[in-house]
Amino acid sequence: MAIIDVVVPQLSESISEASLLEWKKKVGEAVTQDETLIEVETDKVVLEVPAPASGVLTEIAQGDGSTVTSGQLLAKIDTEAKAGAAASEGAAPAAEPAKAEAAPAQAPAAPAQAAESSKGSAGVASPAASKILSEKGIAAGDVEGSGRDGRVTKADAAAATAKPAAAPAKAAPAAADTVSLDGRAEQRVPMTRLRARIAERLIQSQQENAILTTFNEVNMKAVMDLRAAYKDRFEKEHGVKLGFMSFFVKAAVAALKKYPLLNASVDGKDIIYHGYFDIGIAVSSPRGLVVPIVRNADQLSFAQIEKTIAEYGAKAREGKISLEDLTGGTFSISNGGTFGSMLSTPIINPPQSAILGVHATKDRPVVENGQIVIRPMNYLAMSYDHRIIDGREAVLGLVAMKEALEDPQRLLLEL
């Protein structure tokens with residue numbers, strides 16, 4: 001027998017613990033090397049834990065939802081065992097199901113026999129099923145299992161929790177699900193680590209920064225015309241669509257170069273001026289908002305920026321954003337216009353000192369040369385830390401972004 005331990009991957013110095021999500025394999029099942037066994041959720045990202053070798057999963061040391069730390073034992077793999085031949089501690093021995101099946105169906109089992117045959121099966125739930133049942137306050141013994149030898153599976157647990165309570169004599173609803181006296185349901189669900197971390201950072205930003213927001217409007221016609229003229233050739237040449245975000249990134253970088261305080265950060269009583277431009281792009285993921293970093297944005301072409309943002313978007317949807325992707329950043333851009341937002345006051349992403357909020361572009365009547373015309377307008381909002389950034393720099397910085405977007409050729413000429 002060759003046993004290999006599966007442990008929690010090394011977490012970053014800023015992360016002390018993490019939570020396990022759902023095991024993708026059960027004890028006794030075969031696994032292949034590099035196959036994902038479980039995902040570990042930290043307050044920043046979700047990390048996949050792959051199988052270090054091929055074999056059979058013989059033990060699961062930490063169940064779904066457990067809190068773990070770097071290097072902690074999660075499971076064991078026997079590289080020489082065959083699927084179904086191994087069992088974890090406390091699980092039914094392999095011979096147990098056969099014993100139950102061998103008992104004559106027509107003869108009632110003796111009490112001792114019944115106890116022996118049900119040992120480790122009836123009333124026993126898989127880790128995933130146990131988590132579901134515990135959240136609803138349902139005992140595993142009250143659920144009819146469809147698994148081997150009556151074991152309660154995840155599907156059994158889901159079906160049981162979906163059914164209304166048969167009688168008030170059942171266990172009281174757990175903290176995860178409460179029902180008021182007039183029959184209106186309420187559900188209490190713990191925050192994920194990522195959501196809790198987002199909440200913590202937002203409160204930190206509000207408490208530690210002197211946040212003000214300045215607004216302006218930008219006529220997007222020039223950008224839209226340029227994009228319409230070259231988007232097909234751009235996609236054919238570079239293999240990625242020409243979006244609007246690359247224009248906003250380039251415009252932001254141009255403004256940050258003119259007004260370096262917008263790209264600075266506060267460290268105690270010191271101001272750190274960054275000689276590089278790492279732009280955070282707020283991306284929505286199934287588990288919450290993340291802000292991956294487009295590094296050295298001033299050195300990237302429009303195509304490189306679009307490719308980087310597209311890659312981050314895909315990784316966010318798949319839950320594959322890494323800690324390295326989220327580390328750093330000197331300025332951020334949040335595009336609420338993707339969801340139809342017309343105006344907002346974005347919150348600074350600490351330790352940065354400013355953030356640009358982009359909104360939905362809509363046709364609006366505007367005055368040009370004394371005439372009312374219809375133009376595609378976008379409201380820009382820039383929140384800034386008034387501790388180090390005065391209104392002058394903030395307003396002029398946002399005006400610089402506006403001017404670059406209304407005359408995008410200037411971005412190419414760096415004017």
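Modeller: Start with burial: a residue is buried under 20% relative accessible area, exposed over 50%, and partly exposed in between (1.4 Å probe, protein chains only). By that scale lysine 221 is partly exposed, because its relative accessibility is 35%.

Biologist: What kind of model is this?

Modeller: It is a predicted model: local features need pLDDT of at least 70, side-chain atom pairs count only at pLDDT 80 or more, and totals for chains, interfaces and linings use all residues. Residues are numbered from 1 along each chain as its sequence is written, and side-chain values use heavy atoms, with hydrogens and water left out.

Biologist: How much of the protein is buried?

Modeller: Buried residues are 40% of the 415 residues.

Biologist: Back to lysine 221. What does its side chain meet?

Modeller: Aspartate 225, in a salt bridge of 2.8 Å, N to O. A salt bridge here is a side-chain nitrogen of Lys or Arg within 4 Å of a carboxyl oxygen of Asp or Glu. Both residues lie in helix H6, 4 residues apart, about one turn of the helix. Aspartate 225 counts as partly exposed because its relative accessibility is 41%.

Biologist: How many salt bridges does the structure hold?

Modeller: It holds 8. One of them joins lysine 402 to glutamate 406, with the closest N and O atoms 3.0 Å apart. Those two lie in helix H10, residues 391-406. Lysine 402 counts as buried, at 18% relative accessibility, whereas glutamate 406 is partly exposed at 30%.

Biologist: And H6 itself, how far does it reach?

Modeller: H6 covers residues 221-238 and spans 24 Å from first C-alpha to last, close to the 26 Å expected. The expected span is 1.5 Å times one less than the number of residues. Helices (H or I, at least four residues) and strands (E, at least two) are DSSP runs, numbered from the N terminus.

Biologist: Where is the kink in H6 centred?

Modeller: On tyrosine 230, with a kink of about 55°. The bend is the angle between axes fitted to the seven residues ending there and the seven starting there. Glycine 239 follows H6, and its phi is positive, near 75°.

Biologist: Switching to strands. What order does the open sheet have?

Modeller: E5-E4-E2-E7, with antiparallel pairing. Strands E5 (46-50) and E7 (67-68) are the edges, each pairing on one side only. Two strands pair if DSSP finds at least two bridges between them. E4, residues 36-41, has 5 bridges to E5.
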